[in-house]
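Hello,

Here is the structure you will be working with. Please open it beside this email and follow along; my notes come after it.

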Amino acid sequence: MVSRRTVLRGTAVAGALTAGALSVRVPARAATGRRVAVFGGGVAGMTAAHELAERGFEVTVYEPRALGGKARSIAVPGSARGGRPELPGEHGFRFFPGFYHHIPDTMRRIPFSGNANGVWDNLVAATEARFSRSIGPDTIVPMGPGKAWSNPDDFRQTLASVIATSAKMPMTDAAYFAGRLLVFMTSCDARRTGRWEHIAWRDFIGAQQHSVEFRALMSRTLTTLLVAAKDDRASTRTIGSMGEQFLGNPLLTGDDGPLDRLLNGPTSQVWIEPWARRLRELGVRFVTGRLRRLEVRDRRISGARVVDAGGAESAVAADHFVMAVPAEVARQLWTPEILAVRPELAAMNRLVIDWMSGIQFYLRRPTRIARGHVAYVDSPWALTSIAQNQFWSRTPLSGFGDGTVRDCLSVDISNWNTPGILYHKPARECTHEQIAREVWAQIQAHLKGKTDLPEADLHSWFLDTGVAWDAARQRNTNADPLLINTVGSWAARPQPHGALENLFLAGDYVRTTIDLATMEGACESARRAVNALLDTVASNAPRCKLFPLYRAPELEPFRQLDATRYAAGQPNSFDTSV
């Protein structure tokens, strides 16, 4: 997909394997107990390789397409002119909340010329978020620290006031939501897992009994627009935890940085490619190959078979095997022999996979929609966007393509199953041209009369290459779907290690503290997999650092009280809905 010349000149092309890596064939070596095969070169696979290589393991990563996975940049084919590189496309825009810790910790260990803190210094803050309505005024929310609170009553009053003012919501609705979030934040772990994991977010906050603004913002926006889930299916345990991070820590206590951060250039150029270079420096090998099957003997993985781009199959010999492939790929590889040893993996068939993919609109003039992310609250396809060029100080878009592009409106499509306003079809059933026109129309319906986005400024568009049109079936396929945290899905998600002694699982479907299909979840899961490997071999190497999510210390006594109440079958002391 990407030429060697393109990669070597350091463009924003997808963190692709270089031509040299594409032809690598790993020779057999004597078993030392330190050979690790990592299947998958996305964030989880690269994290696992990084942590293992730093601890002296011999690591080979097998990746069938391009390093970086869904996080990589994707070159727009045929867009290069005049010696400039191709325009940078992407699966979806990047978003690094301040409460992420695992990804930033890894970034600090990736050298980048001129940066004291490596790739981490390429993160920049967005100063506002815009919630745009097709009918009615928009809401612009500053992304800086909020107002402190000191006790439960203060929390409810403070949060309710902020919501009512910024979201133009009735105070009664805002106060009710603040009360429900307080219930969650004062719930003990046992209640979160035993009760809230099995309640849909919409039902937990009683969305159907409240205003249109309440349903749109506090129910739909916190689910569909953020994690491509539906509020009637998303687990309260998952969404409530995200609300706790976004709204329950107004002073950003313990956060890694500002609440909303982006990269200062195309993802592959300022993160993935430097990361791959660092891994090669550490001795990691990259091989093009798709895992076809794992072989089992005596409760261990005895070997694996991979297929290269030409269809040739070869054997993989290693002492340890890390599965860092997506959930929908992993569960197809669980043979009867594997399930006989780890029967709990069969539960992965219950995990729900849906679509969340991006489209980029390249513009001839900068757009001033917002100095941060925009949520198009009433859009049938649950759209969110970011105007990239205002943040790309390192590599302005004028240096790409034909030189006339001045901005990129990168849009995530989170709902592919609801009919649109132009063709009255869901995105799954629209051609790529129809998707582009439909997304543009839905955005224009929200911005009309508020923000100028002239169609004459539209230079071109680019849809995520994972989405492919099947003309025979008149619908799209998607090579890069997303795990959705549905009610009760925690029980179907596996631990990183089990009865197969030398098999370790990494990916955002593995059980993690963040409990969400994100880059952060992928990074955390890989660290947990590596720690399990280190424990298995009784290594004296330091364990990978793991970070907890924030919980307000002011509410800890109430969480302890709730543990007693939950054990006694009593409701949370702040829960007035029961």
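Helix α6 covers residues 171-185, and its 15 residues reach 21 Å from the first C-alpha to the last, close to the 21 Å expected at 1.5 Å a residue. Keep in mind that this is a predicted model. Eleven of the 15 residues of α6 are buried, so the helix is largely enclosed by the rest of the structure. The buried ones are Asp173, Ala174, Phe177, Ala178, Gly179, Arg180, Leu181, Leu182, Val183, Phe184 and Met185. What covers them includes α5 (152-166), α7 (189-194), α8 (201-204), α9 (212-221), α11 (236-247) and α17 (556-567).

Next, the nonpolar cores. In the largest one, which has 71 residues, Phe39, Leu294, Met323 and Trp334 touch the most other members. The largest share of this core, eight residues, comes from α6. Which residues is Met323 in contact with, leaving aside its neighbours within four places in sequence? They are Phe39, Leu291, Leu294, Ala330, Leu333, Trp334, Leu503, Phe504, Leu505, Ala506 and Tyr509. Apart from this core lies another, of 45 residues, with Phe57, Val270, Ala532 and Leu534 among them.

Buried in α15 are Gln434, Ile435, Ala436, Glu438, Val439, Trp440, Ala441, Gln442, Ile443, His446 and Leu447. After α15 comes Gly449, with a positive phi near 80°.

Now the whole protein. Its secondary structure comes to 17 helices and 23 strands. The radius of gyration is 24 Å, close to the 25 Å that the globule rule gives for 578 residues, so the protein is as compact as a globular protein of that length. Along the principal axes, the C-alpha atoms fill a box of roughly 70 × 65 × 50 Å. Buried residues make up 59% of the 578. Among contacts with a separation of 6 or more, 71% join residues 24 or more positions apart. The protein exposes about 22100 Å², and carbon and sulfur atoms supply 52% of that area.

Last, the confidence of the prediction. The mean pLDDT is 92, and 93% of the residues reach 70 or more. Over residues 1-32, however, pLDDT stays under 50, and for this stretch the model has 75 contacts beyond four places in sequence.

Regards

Notes. Residues numbered from 1 in each chain as written. Predicted model: local features only at pLDDT ≥ 70, side-chain atom pairs only at ≥ 80, totals over all residues. Heavy atoms only, no water. Buried < 20%, exposed > 50% of the residue type's maximum accessible area, 1.4 Å probe, protein only. Helix = DSSP H or I, 4+ residues; strand = E, 2+ residues; numbered from the N terminus. pLDDT = per-residue confidence, 0-100. Contact = heavy atoms within 4.5 Å. Rg over C-alpha atoms; globule rule 2.2 N^0.38 Å. Areas by Shrake-Rupley, 256 points an atom, 1.4 Å probe, with all protein chains shown as cover. Expected span 1.5 Å × (residues − 1). Core = buried A, V, L, I, M, F, W, Y, C linked by side-chain atoms within 4.5 Å.
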